[in-house]
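I set out to record, entry by entry, what I looked up in this structure. The entries run from the overall dimensions to single residues.

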Amino acid sequence: SKPDVQVVGILRKAEQNAGLLNKSDPHSVKTQIQVTPRLRVQKVEPSQAKPAPVQKAGGLHKVMALDVTLKPRDARAVGQFGQAAVAPKDKEAEVQSRWNEGYFNVYLSEQIPIDRSIPDTRPALCSEKMVHDDLPTTSVIFCFVDEVWSTLLRSVHSVLNRSPPHLLKEIILVDDCSTKDYLKEPLDKYMAQLPKVRIIRLKERQGLIRARLAGAAQATGEVLTFLDSHIECNIGWLEPLLERVYVDRRKVACPVIEVISDKDMSYVQVDNFQRGIFKWPLVFGWSTLPEDVIKKNHMKDSDPLRCPVMAGGLFSIDKKYFYELGAYDPGLDVWGGENMEISFKIWMCGGEIEIIPCSRVGHIFRGQNPYKFPKDRQRTVERNLARVAEVWLDEYKELFYGHGYHHLLDNSVIDIGNLTEQIQLRERLKCKSFKWYLENIYPDMEAPLVKAEGLVFNLGTRKCLALQNRTLVFATCDLSNQNQHFSYTWLRLIRQQALCVVPQGPGNRVSVEPCDRTSTNQRWLLYTNKVMAEHIIVESSPRRVCLEAGAKADGIYVKDCFSGSNLQRWQFTHVYAQ
Ligand code: UD2
Ligand code: MN
């Protein structure tokens, strides 16, 4: 017969793609063991329960639809009204050659007026909404490194043109040590005409996170509003954000992020009811709220939407509250992960994150970052996320590590730095657990603590693995016997309490040792009922070794995976995740 597993690399891929266990295995023994093969939690709905509306004393007015660009200076200009722009045929080469200046159509952006008008994409009810007369003022903070001139200017003008002046305290531009000359004197000169705009220059590249901290430290408004430097704020964008902060200072308000096409610079309206969520290993994404949840909660398209996490770039937060929360972890480098950090922190420490459909801001989503990462990009982001996981995820951090095949599993490879202050902050703020967050804020997220658990049934001997006096043996399957209960963890350990199953080289009996999450030789891969030692490879083949039962149930070994024997086939009682 053909070998089951030939090349390690292929397995790794297949395992990532197809998951670790084959549920539809024909040799399934679930009938023998009489327990449910897969515990599926009942369908859980995203949390959208509305807190009671807060009444404030001040007077109210209809949200202002200020927009000096409603009657544009040049109605026939390229890209006017947010329409798609097209480059003439003879300029296509220039479009191409300038693309990498920002990883979007820099040529077209330059043709479009810096104060173009865009369509009012708010839901109909928004223009009728009331906001308080005495809203707090805000400082708008743009951090940038080597931003394209035209998009930076368009960002600034969209704020100036579409914000009530009495609410806009200032605009702070934080230059994160850009290398482009046009961002030096020419930018100073240009902004000198705009009294509300201030520029802060960082002497060294600090990265987005520490740049935001530098901007916040200088801000004089009551609310901080962070924006990316390639955006266009839409009509009436500011008051609905400030209103939420005003009714409750622990609310962090995000506008709907609409799309400015990187190809033709058109302004594209996005679908309603989109929540910010994450998937493992802490990857941000969008998810549309299901129809039945919308119906059940009588939600209107203009209602604030509670979000498990924010995208990161655009939000308003009460300045004092931002500092009470300890701002951002200053140990986060360059870019990435800070949106997870602030999101977990906000929810777990008593705040809320909302998307406000009546506030809309366009953003150019790009295929690549147009600036350098001083260290490797992937490692930088992984390191940031590992800091977040270590501080905020409690026992669930194993799901983060287990989903990523991270270098991070081997602690020596990446130094994630000191976390003492962040951990102390969490204690000081008496924040809730990550379990609470999952159950109350993101109940629709699947987060089983282990991938599989229960009895470990061997299909050849029809017996179960048991641990007796620190020795692995076979026994008649018995669910009530704790010695037969094992779990397969996200870190790929086969564990019974503090002891883990460890291979001892081809042909040898396996043993148990105290679990060590950093030890690579304790890890196992599960794949179509095979249990393979992750780090032992038979050089001559090259093939992996598999957990195999002695023919008379007289021992547990690892042997070449070549054999198709049922002695190499195993099944956990419960499989929660692939
Ligand atoms: C998203 C967020 C972004 C940030 C990031 C994760 C939105 C619309 N954007 O990525 O704000 O949360 O996820 O960290 O939600 N910058 C610096 N210094 C640096 C690197 C970047 O100042 O070292 C600036 C950059 O010029 C830009 C902003 O930070 O204005 C965000 O960077 P991006 O636009 O490349 O990030 P994006 O939109 O892909
Ligand atoms: Mn951006």
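The notes below follow the order of my look-ups.

**Basis.** I worked with a predicted model, in which local features need pLDDT of at least 70, side-chain atom pairs count only at pLDDT 80 or more, and totals for chains, interfaces and linings use all residues. Residues are numbered from 1 along each chain as its sequence is written, chains are lettered from A and ligands numbered from 1 in the order in which they are written, and side-chain values use heavy atoms, with hydrogens and water left out.

**Overall.** I noted that the C-alpha atoms fill a box of roughly 90 × 55 × 45 Å along the principal axes. I listed 15 helices and 26 strands; helices (H or I, at least four residues) and strands (E, at least two) are DSSP runs, numbered from the N terminus. Of the 578 residues, 56% count as buried; buried means under 20% relative accessible area, exposed over 50%, and partly exposed in between, with a 1.4 Å probe and protein chains only.

**Metal site.** Which protein atoms are the donors of the manganese ion (ligand 2)? I found D228 (OD), H230 (NE2) and H363 (NE2), lying 2.2 Å from the ion. Donors are N, O and S atoms within 2.8 Å of the metal (3.2 Å for Na, K and Ca); water is not among the atoms, so sites may look incomplete. The spacing of the donor residues in sequence is D-x1-H-x132-H. H230 has a relative accessible area of 5% and is therefore buried.

**Largest pocket.** I then turned to open space. A pocket is an open set of points on a 1 Å grid over the protein atoms alone, with protein on both sides within 12 Å along at least five of seven lines, whereas a cavity is a set where a 1.4 Å probe fits but cannot get out; lining residues have an atom within 4 Å of a point. Grid points are joined across faces, edges and corners, and a volume is the space filled by probe spheres set on the points. The largest pocket holds about 1,100 Å³. It is lined by 49 residues, with D228, A311, W335, N369 and Y371 the closest to its centre. D228 is also one of the manganese donors. Elements giving two or more residues to this lining include β3 (138–144), α7 (207–218) and α11 (338–348). The largest share, five residues, comes from α12. By class I recorded 23 nonpolar, 15 polar and 11 charged residues; Ala, Val, Leu, Ile, Met, Phe, Trp, Tyr, Cys and Pro count as nonpolar, Asp, Glu, Lys and Arg as charged, and the others, Gly among them, as polar.

**Cavities.** How many cavities of 30 Å³ or more does a search of the whole structure find? I have four on record. The cavity lining has 12 nonpolar, three polar and no charged residues, and β8 gives the largest share, three residues.

**Helix α11.** I found 11 of its 11 residues buried, among them E338, E341 and K345. G350, which follows α11, has a positive phi near 105°.

**Backbone exceptions.** Most residues other than glycine have a negative phi, and most peptide bonds are trans. Against that background I noted a cis peptide bond between W280 and P281, with omega about -5°; P281 is in the loop between β10 (274–279) and β11. M265, not a glycine, has a positive phi of about 65° and lies in the loop between β8 and β9 (267–268). H298 likewise has a positive phi, about 50°, in the loop between α9 (291–296) and β12 (305–306). Are these two residues buried or exposed? M265 is buried at 0% relative accessibility, whereas H298 is exposed at 65%.

UniProt, in an unreviewed entry, lists residues 453–573 as "domain: Ricin B lectin"; its positions are given in the numbering used here, feature names are shortened, and annotations may be inferred rather than shown by experiment. I found this span to be 0% helix and 50% strand, with its end C-alpha atoms 6 Å apart. Strands β16 (residues 463–468) and β17 (residues 471–475) pair in the antiparallel sense over five bridges; two strands pair if DSSP finds at least two bridges between them. In their hairpin, N469 takes a positive phi near 45°.
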